[in-house]
Amino acid sequence: MKHFLRALLILCALSLVGCRQSAQPTPTPDPDIQLEWLNSDKPLRVGMDALVFTLKNARAEPIRGAVIEVRGDMTHAGMVPVDGKAEGGTEDGRYVVPFEWTMSGDWIVTVRATLPDGRTTQRRYDVQVRSQ
Ligand SMILES: [Cu+2]
């Protein structure tokens, strides 16, 4: 019994670490960079998806040549985070990130854009993914 309790404690501690790892301090977004997730309002379903982001400057002009990195963490413990990435962008500043929703439930999506000049911005979205 003693061993079981200890194992349980260790498991809890480990899952807490796994769960909170993604909660890095969010840097203040650069007001000159507008990062938007265009299709975040449509219903999200388990499986492969294509996340579309736009990147614009303060004058609403498209920014090309950036890198957009997406990280998805589920709110419960024991899941491997999902990563996605897009580089370059289209002429109108769109970036399409292939991304797989591996499970239904609540996700925290962290999107980070790195511009060619090294500036970065980050946004967080809390979304719900439904089963098929
Ligand atoms: Cu999960």
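**A copper site between loops**

In sequence, the donor residues of the copper ion follow the spacing M-x1-H-x2-M-x23-M. Donors here are N, O and S atoms within 2.8 Å of the metal (3.2 Å for Na, K and Ca), and since water is not among the atoms, sites may look incomplete. This is a predicted model, where local features need pLDDT of at least 70 and side-chain atom pairs count only at pLDDT 80 or more, while totals for chains, interfaces and linings use all residues. Residues are numbered from 1 along each chain as its sequence is written, and side-chain values use heavy atoms, with hydrogens and water left out.

So who holds the copper? The protein donors are Met74 (SD), His76 (NE2), Met79 (SD) and Met103 (SD), lying 2.1 to 2.5 Å from the ion. Angles among the 4 donor atoms run from 92 to 116°, and the site is tetrahedral (for four donors, that label asks for all angles between 85 and 135 degrees). Two of these residues link distant parts of the chain: methionine 79 sits in the loop between strand 4 (67-74) and strand 5 (82-87), and methionine 103, 24 residues apart from it, in the loop between strand 6 (94-101) and strand 7 (105-114). Both are partly exposed, methionine 79 with a relative accessible area of 24% and methionine 103 with 33%. On this scale buried means under 20%, exposed over 50%, and partly exposed in between (1.4 Å probe, protein chains only).

Now step back to the fold. The protein chain has 1 helix and 8 strands, in the order α-β-β-β-β-β-β-β-β from the N terminus. These are DSSP runs numbered from the N terminus: helices are H or I with at least four residues, strands E with at least two.

Of the 11 residues in strand 3 (residues 47-57), 8 are buried, so the rest of the structure largely encloses it. Strand 1 (residues 33-37) runs antiparallel to strand 3, joined by 5 bridges, and tryptophan 37 has phenylalanine 53 as its bridge partner there. Strand 6 also pairs with strand 3 in the antiparallel sense, over 8 bridges, with valine 52 opposite valine 96 in strand 6. Pairing requires at least two DSSP bridges between the strands.

Finally, a word on confidence. The chain averages a pLDDT (the predictor's confidence in each residue, from 0 to 100) of 85, and 78% of the residues score at least 70. Over residues 8-14, pLDDT stays under 50, and the model has 0 contacts beyond four places in sequence for them; contact means heavy atoms within 4.5 Å. Where pLDDT is low, the predicted coordinates should not be read in detail.

Terms used
Four donors count as tetrahedral if all angles lie between 85 and 135 degrees; four count as square planar and six as octahedral if opposite donors are over 155 degrees apart and all others between 65 and 115; anything else is irregular.
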